[in-house]
Amino acid sequence: MTAMNALIEDNVIKLSMDTLASRRTKNGEVVPSYYTQKFEYYPFTKSILCGTGDFNVIQKVMAFSKKVLSKEVETFTEIIDDFLIENHFSESKETSTIYVFGFDNNLRPHAFALRSTSNYHIEEVANYNKPNMLIKPASSEISKYFESLKNIDSEEIFKRLMRKEREIDDRASKSTKVGIGGENIFISIIPYGGKLMSVCKTIDTFDDYDDQYNYCLRHLND
């Protein structure tokens, strides 16, 4: 349950995600649970790891990913894939997709998706030869909106895009609502002088940040 937007171009990776972790009540309503960072950047293996869907699976993968021997994104992705398959995470009740964004030994960007619905088969969804914008949750409305964002600073695009995703999600039914909120955390990674340079920062805070925070406090023991 998250908003994730990622741009992979010929020499840069840009990603932004919200910080609200939500849960479903017994009657199926999506409510705030806590705030967290939903992606991890691992400079030692030139990679970012994040995911959508079952956050329990995502947390377990993140914990494991700190203990792997890898120095570039392709090997890192294969190791994560083995971990997901060996632990039978595809059998979980909720679906999940693990995303790995990173650079190879020649500092060229790649993006991989590992989906539980395909038993976490590795799918390369973008790279330096095949630039792509990944928008989650996806919809025809958000795709049209993204196309309207031309000649705007990239950070502003990521900010407006997630605001629109939140607007759409607020109108969604119980069954399709994902819960978007907290802050919009943005990271950009680009090769510079034979190394990778990264910038990570908060680019937006949702208007109901404090309201959601207080709700979480009141329902800590639910």
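Start by selecting helices α3 and α4: they are roughly antiparallel to each other, because their angle falls in the class over 145 degrees. Helices here are DSSP runs of H or I with at least four residues, strands are runs of E with at least two, and both are numbered from the N terminus.

Before going on, note that this is a predicted model, in which local features need pLDDT of at least 70, side-chain atom pairs count only at pLDDT 80 or more, and totals for chains, interfaces and linings use all residues. Residues are numbered from 1 along each chain as its sequence is written, and side-chain values use heavy atoms, with hydrogens and water left out.

**Stop 1: α3 and α4**

Select residues 140-147 for α3 and 154-170 for α4; their axes cross at roughly 155° and come within 10 Å. Axes are lines fitted to C-alpha atoms, for helices over the stretch in contact, and angles run from 0 to 180 degrees between N-to-C directions. The crossing of α3 and α4 is right-handed, a term used when the near helix is turned clockwise from the far one by less than a right angle.

Now show the side chains in the contact (heavy atoms within 4.5 Å). From α3, pick Glu141, Ile142, Tyr145 and Phe146; from α4, pick Ile157, Arg160, Leu161, Lys164, Glu165 and Ile168. The contact of α3 with α4 has six nonpolar, four charged and no polar residues. In this scheme Ala, Val, Leu, Ile, Met, Phe, Trp, Tyr, Cys and Pro are nonpolar, Asp, Glu, Lys and Arg are charged, and the others, Gly among them, are polar.

**Stop 2**

Go to Pro137, which sits in the loop between β10 (132-136) and α3. Lys136 and Pro137 are joined by a cis peptide bond, with omega about 0°.

**Stop 3: α1 and α2**

Select α1 (55-65) and α2 (residues 73-86). The two axes come within 11 Å and cross at roughly 130°. α1 and α2 are therefore oblique to each other. The crossing of α1 past α2 is right-handed. Which residues of α1 meet α2? Val57, Lys60, Val61, Phe64 and Ser65 do, and they meet Phe76, Ile79, Ile80, Phe83 and Leu84. By class, the contact of α1 with α2 has eight nonpolar residues, one polar and one charged.

**Stop 4: the largest pocket**

Rolling a probe the size of a water molecule over the atoms shows where empty space is left. On a 1 Å grid over the protein atoms alone, a pocket is an open set of points where a 1.4 Å probe fits, with protein on both sides within 12 Å along at least five of seven lines; lining residues have an atom within 4 Å of a point. Points are joined across faces, edges and corners, and a volume is the space filled by probe spheres set on them.

The largest pocket holds about 400 Å³ of space. Select Met1, Thr52, Gly53, Thr95 and Val178, which lie nearest its centre among the 20 lining residues. β7 gives the most to this lining, with three residues. The lining of the largest pocket has five nonpolar, nine polar and six charged residues.

**Stop 5: the second largest pocket**

The second largest pocket has about 290 Å³ of space. Of its 15 lining residues, Ser22, Arg23, Phe55, Asn56 and Glu94 lie nearest the centre. β3 gives the most to the lining of this pocket, with five residues.

**Stop 6: Lys46**

Finish at Lys46, in the loop between β5 (39-42) and β6. Lys46 is not a glycine, yet has a positive phi of about 55°.

Note on methods: Angles under 35 degrees count as roughly parallel, over 145 as roughly antiparallel, 65 to 115 as roughly perpendicular and the rest as oblique.
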